Amino acid sequence: MRRALIAIVAGAGLALTACGGGTATATPSPGTPITIGVSVSLTGDFSSDGPALVKGYDLWAEDVNKKGGLLGHPVTMKYVDDLSSTTQVVTNYQNLISSNHVALVFGPYSSLLTKPAATVVDRLGYAFPEPAGGAPSVFALNLHSLFFVQPAAIEDNLVSYTNWLLALPADQRPKTAAYATEDDPFTQPQIDKARKLLEAGGIQTVSYKVYPAETTDFTPLALKVASSNADAVILGTQVPDAIAFVKTFIAQHYNPKTLIETAGPDQGAQYSDKLGANTEGIMVPAGWTSGSQAFNNPTFVAEYIAKYGGTAADISADSAEGYSVGQVVEQAATKAGSIDNQKLIDTLHTGTYQTVQGPMGFDSVGRPQGGVGVFVEQWQNGNAVFVYPAAVAAAQPEYPKHDWQ
Amino acid sequence: MYDRRVLMLLGLVAVLAVALLLPAIAPDSATTNIAVFTVMYVGLATAWNIMGGYTGYISLGHAGFFGFGSYALGLLLAKLGVAGGYEPFLFVPVAGVLTAVLAAVVGWFALRTRAATFVIVTIAFMFMLQLLAENLTSLTGGGAGLAFPNPPWRGGFFNIPFYYAMLALALVGLAASWWIRRSKFGLGLLAIRDDEDKALAVGVPAGAFKLTAFVISAALVGMIGGVYGYYVTFIYPQFVVDPLIGISMVLMVFLGGLGTLWGPVLGALILEPAQLWLAYNYGVSRLYLVLYSAVFLLVILFMPRGIIPSASELIARRRARAPATRAGATP
Amino acid sequence: MILVLEAAVLGVLTGGVYALMASGLTLIFGVMRIINVGHGALVVLGAYLSFVLWRNLNIDPFVSLVVTMPVMFVLGVILQVVFIRPLKADREALSVLVTYALALGIEGLLGFFFTSNYVQITAWYDTASFPIGNFRITYVYIYGFLLCLAILGAIFLMLYRTTFGGAIRATMLNRTAAQLVGIDVDRVSAVAFGIGMATAAAGGVVFGITNTFNPGSHYDLISRLLTIIVLGGLGSLRGAIIAALIMLVIEDITAVLISPVWADFVFFVVLVVVLLVRPQGLFGLRVRERL
């Protein structure tokens, strides 16, 4: 009995040393088909954004296969559902890499899930280009293998907007501002930075509220904002709250001079079909708009409509972000002459890459560099268009915002 | 009689050997990852069974203790500046003690109620803990989550220390469960399950016994939560204080056999890999939940007492019949 | 101060909707002694049924209740007969698992048919409002509140003015005794489950107009509903209604006075405090409960 125990322990010890080697990623031989693995949220909290991301990835895969594949490798996308949960996202990336032996992996939706996923992918030696995890805490992970494919770290998303507000003539500029934000790594850093900048510019804060991401009844919050009667309303929202706030404002006949929401208005039809004509004048920070002339964007928009139907206004920014991830990887692979993950990681840290969201490069922890930044987009006559800065604007900003209809 | 016992002991040793050697048999990280979560649920279900199975008090809020243990360990490591590696595992028992203290307070209150009210009170406590984790942002980081130190292990090796940590906790849980079943304390708990008022009448200190079982059960769950947090490296209020974790352990116990020693183990070994596999393969088609729920319903409707009691009843009936027919006797 | 008053009014109006949803849940508990953890999913199912009728056939969501309430009633009777009735031993615990499994199944099917995108039912009255002083009340809250009053009134009439209602009340009081005096307890249970689902359909309509929802919305709903019925006293219809109003008013006032992040927390604190004083809830009878 005793001897058996010793044997077991020794065996386990041996096993441990045998496993210490780590996973070597084999590079597939030229011309063979490859699979790219992605864990996306199709059920659970983030399930409204997951499908839009998938559309972007699929469209890119189709495009790259038309050109003969990624460095000659025909690409298949493999999606698995992470149920918007950390347990599953950790499981999924390990399965994709060690069990399905995918050649590359792309990122999931949201900063929340990107963080645990990124540590798993990093330790398995894969590159992790990701479209949706840009919170300061993502870069604080200090991972060399992560690349955030958006024009700027999300903290700075509202900077264009605050610049525009503060550049308005003094007599028109809002005097007071009300803020409300979800307690989420994506939204709150944006609101806090905007508040700091506007207060420094002399705009008084009359209300500031943080609410849990789990909130479902937003009416009391919206009433609080409405009762502050602020000139400017700046909201850190995702889709459901973005709609709920506006509905309560309409019901309360509360017409701020300007209203911006961090996410929601950039989601195309998912947003506009619930508010109809009342989207008019609502703003959103956006690195991408369907009308942009950035690299390949007109083609992307045309192909999107051909494949999924609808109009340019229906396209969610998530789809463009997913498509950009593919573009970045494609250019890096060409530049490196390889789809080996280590080579891709090294290559992605140098140079500039062209995407439908404009050009961008990456610093040592994957923060986007040299991008054109995030602009201000505004709903005008049923379309979301860039209105600031002037260099990219397709229309004049509408200010003050029209009253609700 | 003697050789059956030897057989059982041998079987036990074999299972233990496989469990200990698993990382050598299947070292790829996809398998060891599933093993980590499966053994985690073996521990959770066993711990839950000490309260729910033995006393009959159904707690649906054990995910609160899971999350609390997770946050307790994460905060300890952060405040003390412990670096990633083996050292954080030494703090897991501390997280267990903290969870035990919380459980004593919660239990003192919740155990004033019985049956359905108790079920709902435990749910309410779970949500209170979740809201605290969300709202005390300066302490817990709120919705932005709490980071654990990142261990320096690379590649497939990473999962292995966690696997053994989870396995150790599961074994502790099993040992506790086994000891309780054979002790006078355990008899008292079973008496409470059968009829609490009668148990009180014959002198079982029901209040103290229930609270003790509750605290042991919660402390184990809290320690497992701590290891879980360290494993996934990032925890969020809604993912560690997750009602689904709480209900999963209950389901596993019911599937395997409520109040039995091995039922929770069997339930976890079947359900957790199945759940991860179904989600991985059918999640995208969105039918995963439907499949899971169908399995769930079939089990409860056709095996309401769980696999182990149903199976042993079947075996006992066969045995009872076999000699009877041989002897040609009529009942 | 004005803000507090506004919050209180809003709390009462939304509380009415929660009262309706909770009354179905507490009725089911009272008659069958089971906790229907799937009640939230049934509300969401009701919301989706009305959503489909509204989106595809352009039927006003309140009018669609004429269809959805009977449909949900029949479905409830079927669910009770197929899934709840066979449970014999360990009913309370097993029923939690069964109804939870039903909730998951409903969530999965809704996800399959509707994807998990957020949807909302819209109608002219969801943003149209009328003023009371400085404050404006949206019509949908008034309509929702009136609907709840009407349905709750109908339930009370049925319970206290009909023979069948008497059978239900007798079953709630003592299941075994009711059986002894010749009441068909199984039939009463099935009908009670059906009524519970019909109220879920009605609650679902108002929920679907005032909230954006997706198949996963039921988790949040059920935790609130369970808290409400325990606070009111399990099985007490009056208790559920009053508890719903108290909870929502307190929650909304906390949201404006202190902070919205603590609103939900206060919800649970109220429950704990009340149970410390009265473990049986506000209107619960001190019965000897057994598992």
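Modeller: A ground rule to start: two residues are in contact if their C-beta atoms, placed from the backbone, lie within 7 Å. This is a predicted model, where local features need pLDDT of at least 70 and side-chain atom pairs count only at pLDDT 80 or more, while totals for chains, interfaces and linings use all residues. Residues are numbered from 1 along each chain as its sequence is written, and chains are lettered from A and ligands numbered from 1 in the order in which they are written.

Biologist: Let's take a helix. Which residues of H11(A) are buried?

Modeller: Helices (H or I, at least four residues) and strands (E, at least two) are DSSP runs, numbered from the N terminus. A residue is buried if 20 or more other C-beta atoms lie within 10 Å of its own, exposed if 12 or fewer, and partly exposed in between, again with C-beta atoms placed from the backbone. In H11(A), the buried ones are Asn297(A), Phe300(A), Val301(A) and Tyr304(A).

Biologist: Why do they line one face of the helix?

Modeller: An α-helix has 3.6 residues a turn, so residues three or four places apart point the same way. Here the buried residues of H11(A) fall within an arc of 95° (directions from the helix axis to the C-beta atoms), so they line one face. Thr299(A), Ala302(A) and Ala306(A) are exposed on the face turned away from that buried side. The cover over the buried residues of H11(A) includes helix H2 (50–66) and helix H12 (317–336) of chain A.

Biologist: What span should the 12 residues of H11(A) have?

Modeller: The expected span is 1.5 Å times one less than the number of residues. For H11(A), residues 297–308, that comes to 16 Å, and the end C-alpha atoms are 16 Å apart, which agrees.

Biologist: On to strands. Which strands does S1(A) pair with, and in what sense?

Modeller: Strands pair if DSSP finds at least two bridges between them. S1(A) runs parallel to strand S2 (residues 75–81) of chain A over seven bridges, and three bridges join S1(A) to strand S3 (residues 104–106) of chain A, also parallel. For individual partners, Val38(A) faces Tyr79(A) in S2(A), while Ile36(A) is bridged to Leu104(A) in S3(A). Five of the seven residues of S1(A), residues 34–40, are buried, so this strand is largely enclosed by the rest of the structure.

Biologist: And what is the order of the open sheet of three strands?

Modeller: S11-S12-S13 of chain A, with antiparallel pairing. Its edge strands, S11 (353–355) and S13 (368–369), each pair on one side only. Two bridges join S12(A), residues 358–362, to S13(A), and Gly361(A) stands opposite Gln369(A).

Biologist: Now the chain contacts. How many residues does each chain give where C meets B?

Modeller: Chain C gives 41 residues and chain B gives 36. On the chain C side, H4(C) has the largest share, 15 residues. That side divides into 30 nonpolar, five polar and six charged residues; Ala, Val, Leu, Ile, Met, Phe, Trp, Tyr, Cys and Pro count as nonpolar, Asp, Glu, Lys and Arg as charged, and the others, Gly among them, as polar.

Biologist: And where chain B touches chain A?

Modeller: That contact takes 39 residues from chain B and 43 from chain A. The chain B side has 23 nonpolar, 12 polar and four charged residues.
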